[in-house]
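Please look over the sequence and the structure shown below before reading on. The report that follows takes up backbone geometry, packing and confidence in turn.

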Amino acid sequence: MRRRLAAAAFSASLVTALLVVAPGAAAAEPDPPAAPGPLTIQPFYAPIEADGDAVPDTTRRRLAPAEEREPTAEDARELAERLGDKSFSGVGEGTSIAAASTARKPPASPDESYLAPCWDSDGGRGEHGRVYNRFEWCQRGRIGGIVKDEDGDEVGRVSVIFRAAAYGRDDGNRDVRVFLRSEPGSAAYQGDQVGLRSALMHVWADCDDYTAGCTAGGATAGKTMDDWNSDGSWHSWTVASADNSGVGPYQVSRHLWHLKNRVFSHALPGVPAQKFAESHTIRCDSATVGFARSRSKACIFDDVIPHLQYSATSTKHGEVARHIQCALDSTCTSYPLKDGKQVPGKFVENRDSPGLHRITEKTPAHPDNVTYYAKNSYQKDQACQQGTPYFTDGLPPALYKPPAQQCDEFPFASTKEGAGVGDWNFSVLGVTAAVNRCAGIELKAYYRNDRILVWQPSMPKPAEDPYYVHITDVPDSTPPGDCVDEEDEGEVTDLPPTVDAGANVSGDEGSVITLGGSAADAEGTPSTNWTYAPGTGTDPGASCAFTAENNVGTGITCTDDGVYTVTLTANDGVNGSVSDSATVTVYNVAPSVSPQPSPSARAAAADSGIVTPTPWQVFRVGSSVKLTADFTDPGLNDTHVCAVNWDDGSTQKFTSYGRQCVREHTYTRAGMFTISTGVTDDDGGIAGEKTVMVIVYDPDGGWANVDGSYDSPAGALPGAPAAAGEGWLHLTGRYYPQDKSTPVGAARNWMPPGSPYRFDIQGGTLEWLVVTPDGKVAAKTTGTLAGTSQRYGIVLYAYESCTGATRAGACQNGPDRVRTVIWPLSAGAYPTGDVFYDSRASAGYDVDVANPLSMRTGTTLIQWP
């Protein structure tokens with residue numbers, strides 16, 4: 001009862017449901033309006049019997065759901081082979097196409113009279129369709145929709161018989177044309193006919209995988225099932241292959257494509273579209289060798305094993321066919337004699353069996369530059385004439401009577417597997433000259449009609465196109481006189497390109513070294529690319545990069561010194577690749593302690609490359625001082641060793657990683673320390689040292705009092721370089737236990753009234769105070785020039801003499817000494833040479849090299865703890 005109610009609802013909901021398909025709609029999965037309801041329409045496909053009836057499900061292989069199947073091109077070909085769907089070429093089969101004297105392209109619509117035997121064949125009515133020949137494919141079957149209720153039970157069905165055909169082409173385009181139409185009057189309805197008649201079915205062609213360079217185009221064919229039953233017009237789509245999607249010199253690509261359908265209505269939403277039947281394979285190439293220039297690009301159907309067919313009963317080529325038949329039969333005696341002879345090329349419906357590979361008279365036999373064709377011809381003649389090395393095992397004279405007969409060989413001279421291989425796995429026999437000529441014409445036409453690619457030494461295996469030979473007994477009633485070699489446009493002779501890698505060059509590691517290569521080809525511009533190889537002795541890990549590896553004029557940058565070989569390769573897409581090489585000598589560049597090449601604030605803040613500590617940075621005795629020094633080296637493959645001198649008697653050397661020297665150190669005494677660092681690379685390059693001075697104070701190390709005068713020399717005051725006279729200074733300072741971070745005291749320097757010049761820097765609070773164990777004092781404060789608002793920094797130095805020293809040995813020889821350095825704070829927080837006053841301008845700022853002047857009056861007093 002529930003099923004009958006569902007069917008009634010199905011009937012009522014579809015009475016007025018009718019969708020209109022916009023003409024020219026893009027080929028894509030349609031998006032019908034969703035509608036609630038318990039019923040759905042699922043697309044289906046069924047193979048048919050010769051009378052058009054669907055094959056019962058119990059007798060045919062069921063297709064797995066589309067989302068569970070990911071067939072490959074090899075899957076499709078193997079399935080087609082098992083079904084016996086083979087390509088055909090040769091007289092008598094009733095399916096061969098005539099020798100095409102001009103390039104082939106798809107027709108405006110299929111030739112139904114020609115394809116009728118294909119549609120009626122078992123293969124044509126199967127799930128793969130039938131490859132009629134490498135340029136034509138056909139299929140016939142039923143497609144439609146199955147109505148299912150919410151439980152998945154079938155409550156209705158509608159279908160029509162379709163006819164599909166596809167055409168390859170060799171007219172310089174990489175695509176195939178797919179056609180489909182319904183057979184008027186073939187509709188079959190089960191369930192509510194009114195509702196089923198108004199349901200829509202959309203059909204289109206699509207690629208299995210778009211990422212491999214396959215594209216599909218054309219308007220979706222969408223009509224009601226009633227219209228499909230009455231309108232048998234053809235619809236068509238294009239399946240194309242990108243020019244640059246393949247492999248090898250011919251850009252060979254294989255793509256899977258399929259036909260897809262969906263059935264739905266307003267009241268009956270459809271399930272997602274799915275392909276019907278199996279996927280099919282096309283092989284596309286851009287070959288010119290062996291084909292006229294107008295046929296330089298093509299797409300053919302590749303679901304079958306290509307094979308040439310000769311009839312043993314033919315009056316035109318029967319002698320040759322029977323010779324080949326014997327050659328391929330291990331029980332038949334063929335010459336030259338050889339135990340266990342195995343002649344390749346027999347068609348056994350297995351792609352892994354030894355096949356034949358087409359060559360031309362110009363195909364070189366690497367590495368001796370003699371062509372395969374010439375080798376084949378020479379060995380064939382020797383075997384027919386019992387020449388070297390076939391003296392007793394060659395063809396007996398009774399079986400070869402020139403000039404009435406010609407020496408026929410198998411495998412053919414136009415194959416890589418011919419007599420020139422030298423393994424005696426070939427056969428020769430005298431055959432009538434006219435018959436031999438006719439067989440040669442058939443072979444030439446077969447190469448063209450099945451688009452057999454010419455093998456090249458540089459061709460990768462996926463791009464190879466092996467073929468086989470099948471000897472049949474199909475009668476051939478055409479007379480020998482009809483054996484005519486149809487003229488075509490002629491094969492274009494395409495010479496390989498010329499290439500020159502240019503002169504040997506040299507340059508520094510990390511820098512662009514210009515390469516001056518060139519390449520030319522008479523037929524156009526060849527494709528080019530550069531490669532490189534490090535020479536002996538180059539450090540492991542060294543690498544190079546080209547500015548533009550496909551440009552003949554480019555640059556190369558290497559990460560390490562050494563000698564490299566660069567090779568420029570050119571390919572015209574027809575002949576094998578041509579190459580030329582040059583050497584590039586790369587010199588080592590020493591590292592440099594300098595900021596990393598980046599706009600970072602850290603790099604900008606450290607012009608010398610030393611990031612931490614900063615100049616004149618203040619540290620307390622016992623605290624850690626971290627050195628961070630950036631360095632650069634264009635040799636990215638170099639390794640480095642850093643060396644650090646901490647200026648207190650300790651040094652360190654260590655391997656650096658990441659273009660940076662990083663170490664920490666703890667000072668145990670007060671002082672002004674000039675830290676220096678340098679870098680050496682593994683190739684002997686040495687970076688110049690960079691330095692930074694730090695201040696280290698000891699709050700428990702003593703206090704100082706300096707009071708007195710000194711003789712200020714000429715040149716101490718840059719504003720008045722000739723001025724000289726007595727100068728006065730005062731410094732007092734110490735650290736108190738309650739505050740060990742800021743010293744207490746003051747520092748000032750002045751000239752008394754009546755001096756040749758006068759200034760008085762009034763000192764403020766001390767910023768830091770250094771009292772060294774060997775009786776040296778340094779302190780910094782800031783102050784104002786008397787009578788102005790100008791701010792200055794002051795660093796006072798003092799050395800204590802032995803007189804008055806309270807710690808044995810901690811004093812200087814001679815009188816106490818002092819030095820004053822004054823600079824405008826607008827020039828920076830520490831003196832850098834742009835000073836207002838310096839009583840010892842020629843000395844450094846480190847307290848150990850300050851070189852103070854002797855005091856004229858007064859003393860320097862250090863009080864030790």
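Where is the place of Q251? In this predicted model, Q251 is found in the loop between strand 10 (235–241) and strand 11 (253–264).

## Backbone geometry

Although Q251 is not a glycine, its phi is positive, at about 50°, and with a relative accessibility of 25% the residue counts as partly exposed. Q386, likewise not a glycine, has a positive phi of about 50°; its place is the loop between helix 7 (372–384) and strand 17, and its relative accessible area of 25% makes it partly exposed. Such cases deserve a look because most residues other than glycine have a negative phi, and most peptide bonds are trans.

The bond from F410 to P411 is cis, with omega near 0°, and P411 lies between strand 17 (405–410) and strand 18 (427–432). The bond from T612 to P613 is cis with omega near -5°, where P613 belongs to the loop between strand 29 (610–612) and strand 30 (617–620).

## Nonpolar cores

The largest nonpolar core is made of 45 residues, and W616, M672, L731, W768 and Y797 have the most contacts inside it. Several strands each supply at least two residues of this core, among them strand 36 (690–697), strand 38 (725–736) and strand 45 (853–863), while strand 42 gives the most, with 7 residues. Leaving aside residues up to four places away in sequence, M672 touches a set of residues that includes W616, W768 and Y797 as well as D647, D846 and D848.

A second, separate core has 43 residues, including W137, F162, A164 and A166.

## A helix pair

The axes of helix 6 (residues 318–327) and helix 8 (residues 433–449) come within 7 Å and cross at roughly 75°, which means that helix 6 is roughly perpendicular to helix 8. In this contact G318, E319 and V320 of helix 6 meet V435, N436 and A439 of helix 8, and the residues involved divide into 3 nonpolar, 2 polar and 1 charged.

## Confidence

The chain has a mean pLDDT of 82, with 83% of its residues at 70 or more. Confidence is lowest in helix 1 (residues 2–14), where the mean is 35, and highest in strand 5 (residues 175–182), at 97.

Over residues 75–99 the pLDDT stays under 50, and the model has 76 contacts for this stretch beyond four places in sequence. Residues 598–606 also have pLDDT below 50, and this stretch has 8 contacts in the model beyond near neighbours in sequence.

Definitions and conventions. Residues are numbered from 1 along each chain as its sequence is written. This is a predicted model: local features need pLDDT of at least 70, side-chain atom pairs count only at pLDDT 80 or more; totals for chains, interfaces and linings use all residues. Side-chain values use heavy atoms; hydrogens and water are left out. Axes are lines fitted to C-alpha atoms, for helices over the stretch in contact, and angles run from 0 to 180 degrees between N-to-C directions. Helices (H or I, at least four residues) and strands (E, at least two) are DSSP runs, numbered from the N terminus. Angles under 35 degrees count as roughly parallel, over 145 as roughly antiparallel, 65 to 115 as roughly perpendicular and the rest as oblique. Contact means heavy atoms within 4.5 Å. Ala, Val, Leu, Ile, Met, Phe, Trp, Tyr, Cys and Pro count as nonpolar, Asp, Glu, Lys and Arg as charged, and the others, Gly among them, as polar. A nonpolar core is a set of buried Ala, Val, Leu, Ile, Met, Phe, Trp, Tyr and Cys residues joined through side-chain atoms within 4.5 Å. Buried means under 20% relative accessible area, exposed over 50%, partly exposed in between (1.4 Å probe, protein chains only). pLDDT is the predictor's confidence in each residue, from 0 to 100.
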